[in-house]
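Biologist: Could we go through the aromatic side chains, one question at a time?

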Amino acid sequence: MKEFDASKSYLITGGAGFIGFHLSKRLLEQGARVIGFDNMNDYYDVSLKEARLAILQEFAAYTFVRGDLADKEAVYLVFETYKPQIIVNLGAQAGVRYSIDNPDAYVSSNLVGFFHILEACRHYGTEHLVFASSSSVYGGNQKVPFSTEDKVDGPVSLYAATKKSNELMAHAYSKLYGYPVTGLRFFTVYGPMGRPDMAYFKFAVRIMEGRPIQIYNNGDMLRDFTYIDDIVTGVCNILCNPPAVNEQGAAYRIYNIGNNKPVKLMDFITTLERCLGREAVKEYYPMQPGDVYQTYADVSELTKDFGFRPDTSIEEGLAAFVAWFQEYYGFTRGV
């Protein structure tokens, strides 16, 4: 395994997003040059994205470009101007439930936008394209833990379908045009400066404001919650280690990055209540369209290839989130 190379230039799409911010910050702290690309849309509170961006812009080696992945000329201009050597595509329309009501956003960002990244890598070159997939591709699979060898042909949301499509597109481009590509299936990422649309974030706001939290499937769900620092470490290990050519003739690989320890939703809520020092008012609802009963990552390939396994406990991770949340919002922000 090669060590991280700080002499490289890294393009991070979705650079003002949750994972994009934390990854960019880690790379900058290690001395790398980072170009961030983000459209700063208002899917959730733009001021949080601006706060992340303000931190990154304190680094002299950081450059931010505001643009949309669906704009081919804007994407090509970034490649032509900055000549990034390693590309990390984190830019995407997130959210399972949002995809039910707003499918256009997912086609534009996750399909058309990713196509533009693939084409830019083809025309301008890249040493390695790393892109975000999702545990959502496993759909309603009953076998656990979820392995990258499992069939993922039954998505239960458009969001999941776009992520599976990204994997297929990336494999084809690697095969046809000869550049290495790695896809990463992230499992329920949480932590400081996270996404306000995520359940744990909404729970925290509502608990502190004394409003009920909405618990689906009557609380009978399990999630492989993965702390943001573990996600970033996993990505950093992979960046400078492009995959070898596989039996199909493509330099292509998929990895799960998850904590490998599913947590019952009600246990997660109890831990959050303890960290916040308040008890939640709970309202119970049936399973929502697009949701799945459980997620559980098999990370054996990640461990075998990179000697790394996410291991941050829920207690440690939620304590860090709550410490940031209390300081940043002061318990006054609504959703």
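What follows is a short exchange about aromatic rings in this predicted model.

Biologist: How many aromatic pairs does the structure hold?

Modeller: Two rings count as a pair if their centres lie within 6.5 Å. By that rule, the number of aromatic pairs in the structure is 31.

Biologist: How far apart in sequence are the parts that the pair of Phe-201 and Tyr-329 ties together?

Modeller: The rings of Phe-201 and Tyr-329 are 5.7 Å apart centre to centre, with 70° between the planes, which is edge-to-face. Phe-201 belongs to helix 7 (residues 199-209), while Tyr-329 belongs to helix 11 (residues 314-329). The pair therefore ties together parts whose separation in sequence is 128 residues.

Biologist: Is Tyr-329 buried or exposed?

Modeller: Buried means under 20% relative accessible area. Phe-201, at 0%, counts as buried. Tyr-329 has a relative accessible area of 9%, so Tyr-329 is also buried.

Biologist: Are the rings of Phe-325 and Tyr-329 stacked or edge-to-face?

Modeller: Phe-325 and Tyr-329 are 4 residues apart in helix 11, about one helical turn. Both residues are buried. Their ring centres are 5.7 Å apart and their planes stand at 65°; planes over 60 degrees apart count as edge-to-face, so this pair is edge-to-face.

Biologist: Which residues form one aromatic cluster with Phe-201, Phe-325 and Tyr-329?

Modeller: The three residues discussed above belong to one aromatic cluster.

Biologist: Which residue has its charged end over the ring of Tyr-44?

Modeller: The charged end in question is 4.7 Å from the centre of the Tyr-44 ring. It belongs to Lys-49.

Technical notes
Residues numbered from 1 in each chain as written. Predicted model: local features only at pLDDT ≥ 70, side-chain atom pairs only at ≥ 80, totals over all residues. Heavy atoms only, no water. Phe/Tyr/Trp six-rings, centres within 6.5 Å; stacked < 30°, edge-to-face > 60°. Helix = DSSP H or I, 4+ residues; strand = E, 2+ residues; numbered from the N terminus. Buried < 20%, exposed > 50% of the residue type's maximum accessible area, 1.4 Å probe, protein only. Lys NZ or Arg CZ within 6 Å of the ring centre and 35° of its normal.
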